Amino acid sequence: MENAKIDSKELELFEEKTKPFSKLMMYYRCAMLEIRTKLDVFNTELSLESEHNPLENVICRLKSPASIIEKMNRKGIPVSVDNIERNLNDVAGVRVICSFIDDIYTLSDKLCSQDDIRLIERKDYIKNPKPNGYRSLHLILEIPIFLTEEKKYVRVEVQFRTIAMDFWASLEHKLKYKKEIGKNAEKIAAELQECAAEINRLDVKMQKIHEEIESPQE
Ligand code: 0O2
């Protein structure tokens, strides 16, 4: 297929106009990399000490331009690069999946106590689950990124969950976006609430078993 002809002047203008947005997204990408590296370092160190990997998985995601615009519109804030940076805390999102509940608190405490990290907000939906059953620990952090010409603090939302909590949240997330559930929605929401309680029991039980294996009683 022949490539459609692109007007180079038009492309130049477009790139010039979108450059500040692309630069902002680059900052967020770098910030996610910094968080990921810190978590990897903890995991490597802790797994040597106790032969246990607290970290199951780390997923980084950058909010799409469409989601950014939708959220800015919802908040009634004019869309501009400055306003995005000032008003959105979750353009860069890091999801940290841990094996056990204790791992969540160990890793999040270690992350927050690093002297280059600023804790902006902490929401503990594990100790205080949402009414629908949602559990996770949310942190809004500011982390410095060191570029060739500048050092800049960038916001990242970090969500900590166990594997079981993540399994639940993924399914529940679908409920929000499926329009055709209709009259079944209430029944499904109630079932999900039950599952959330069962999942919590399972997480607590697995934690206890893990402790018994790690430090067995004589
Ligand atoms: P997505 O697509 O995952 O990014 P704020 O972001 O501060 O304006 P809020 O509600 O105060 O809004 O933030 P909160 O409670 O910290 O939740 C933010 C994110 O947590 C959500 O982002 C979800 O990822 C997750 N979350 C919160 N509550 C629920 C829930 O009930 N179910 C599920 N599955 N996830 C939840 P987004 O932007 O909504 O979605």
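**Close-up views of a predicted model**

**View A. Lining of the largest pocket.** In this predicted model, 33 residues line the largest pocket, and those nearest its centre are Arg 61, Asp 90, Glu 157, Gln 159 and His 173. Two or more lining residues come from each of the strands β1 (55-62), β2 (92-98), β3 (118-124), β4 (137-146) and β5 (151-162), and likewise from the helices α2 (65-75) and α5 (163-177). The most is given by α5, which supplies seven residues to the lining.

**View B. Volume and residue classes of the largest pocket.** The volume of the largest pocket is about 1,100 Å³. Its lining comprises 16 charged, nine polar and eight nonpolar residues.

**View C. Helix α4, residues 101-112.** This helix has twelve residues. From the first C-alpha to the last, α4 reaches 17 Å, close to the 16 Å expected at 1.5 Å a residue. Ile 101, Asp 103, Ile 104, Tyr 105, Leu 107, Ser 108 and Leu 111 are the buried residues shown in α4.

**View D. Lys 127 over the ring of Tyr 105.** Tyr 105, one of the buried residues of α4, has the charged end of Lys 127 over its ring. The distance from this charged end to the ring centre is 4.0 Å.

**View E. Arg 118 over the face of Tyr 153.** Arg 118 lies 3.5 Å from the centre of the Tyr 153 ring, over its face.

**View F. Aromatic pairing.** One aromatic pair is present in the structure. Such a pair of rings is described by the distance of the centres and the angle of the planes.

Note on methods. Residues are numbered from 1 along each chain as its sequence is written. This is a predicted model: local features need pLDDT of at least 70, side-chain atom pairs count only at pLDDT 80 or more; totals for chains, interfaces and linings use all residues. Side-chain values use heavy atoms; hydrogens and water are left out. Helices (H or I, at least four residues) and strands (E, at least two) are DSSP runs, numbered from the N terminus. The expected span of a helix is 1.5 Å times one less than its number of residues. Buried means under 20% relative accessible area, exposed over 50%, partly exposed in between (1.4 Å probe, protein chains only). On a 1 Å grid over the protein atoms alone, a cavity is a set of points where a 1.4 Å probe fits but cannot get out, and a pocket is an open set with protein on both sides within 12 Å along at least five of seven lines; lining residues have an atom within 4 Å of a point. Grid points are joined across faces, edges and corners, and a volume is the space filled by probe spheres set on the points. Ala, Val, Leu, Ile, Met, Phe, Trp, Tyr, Cys and Pro count as nonpolar, Asp, Glu, Lys and Arg as charged, and the others, Gly among them, as polar. Rings of Phe, Tyr and Trp (its six-membered ring) pair if their centres lie within 6.5 Å; planes under 30 degrees apart count as stacked, over 60 as edge-to-face and the rest as tilted. A charge sits over a ring if NZ of Lys or CZ of Arg is within 6 Å of the ring centre and within 35 degrees of the ring normal.
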